[in-house]
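Here is a short report on one protein chain. Keep the model open while reading.

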Amino acid sequence: MTEFTPAMLFGETLRRGAPEAAAWIKGNEDYPQLSGTVRFFETPYGGCLVEAEIFGLPNIATVGSSNFYGMHIHENGDCTQPFDRTGSHYAKEPAPHPLHTGDMPPLMGNQGYAWLAFYDKRFLISDIIGRSVVIHAMADDFMTQPAGNSGAKIGCGVIRAANP
Ligand SMILES: [Cu+2]
Ligand SMILES: [Zn+2]
């Protein structure tokens, strides 16, 4: 006998592949090969399911390499190069890092490729449409203020409603 857990429904949701919102990530001028998507799915439990698939992270050339890359929702949906208009981490109410609404787990790049899916109850999809997902050059240390010392903004994508 198998107990039903949320993960079963989450797997189903990802397989169906119909997110309520998505961000197409592009790299900055130093990382033009960086690309991918971050998708946001509603769940019956409140909160949402986030799935990121990113190609071309900086360690791509090093055989067998892996590394962490900070990833956050920033307040402004403006990915004009060099991504300096994205503003701070999105926060519904003032809070220290990593308690911002838009703080998320880091990507783990495996020789340039990262896939990550997680459940997030900090925001509703309606809160984040028109904001941006930013990927950083370094790991987020989840301590340093105001942004976890995660380095340059190497990837950016505006979050758009899938069915506006
Ligand atoms: Cu950030
Ligand atoms: Zn933060």
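## Basis

This is a predicted model: local features need pLDDT of at least 70, side-chain atom pairs count only at pLDDT 80 or more, and totals for chains, interfaces and linings use all residues. Residues are numbered from 1 along each chain as its sequence is written, while chains are lettered from A and ligands numbered from 1 in the order in which they are written.

## Overall fold

The protein has 2 helices and 9 strands. Both are DSSP runs, numbered from the N terminus: helices are H or I with at least four residues, strands are E with at least two. From the N terminus the order is α-β-β-β-β-β-β-β-α-β-β. The radius of gyration is 15 Å, close to the 15 Å that the globule rule gives for 164 residues, so the protein is as compact as a globular protein of that length. The radius is taken over C-alpha atoms, and the rule is 2.2 Å times the number of residues to the power 0.38.

Along its principal axes the C-alpha trace spans about 50 × 40 × 35 Å.

## The sheet

An open sheet of 7 strands runs in the order S5-S8-S9-S1-S2-S3-S7, with antiparallel pairing. Two strands pair if DSSP finds at least two bridges between them. S5 and S7 (114-120) are the edge strands, each pairing on one side only.

S1 (residues 21-27) and S2 (residues 35-42) share 6 bridges. Here Ile25 has Gly36 in S2 as its bridge partner. S2 joins S3 (residues 48-55) through 8 bridges, and Phe41 is bridged to Leu49 in S3. The hairpin of S2 and S3 has 5 residues between the strands, and its Gly46 takes a positive phi near 80°. S5 and S8 pair over 4 bridges; Ile73 has Val133 in S8 as its bridge partner.

## The core

The largest nonpolar core has 29 residues, and Ile25, Val133 and Ile135 have the most contacts inside it. Such a core is a set of buried Ala, Val, Leu, Ile, Met, Phe, Trp, Tyr and Cys residues joined through C-beta atoms within 7 Å. Buried means that 20 or more other C-beta atoms lie within 10 Å of the residue's own, with C-beta atoms placed from the backbone. S3 gives the largest share of this core, 5 residues. Buried residues make up 37% of the 164 residues in the protein.

Technical notes
A residue is buried if 20 or more other C-beta atoms lie within 10 Å of its own, exposed if 12 or fewer, and partly exposed in between; C-beta atoms are placed from the backbone.
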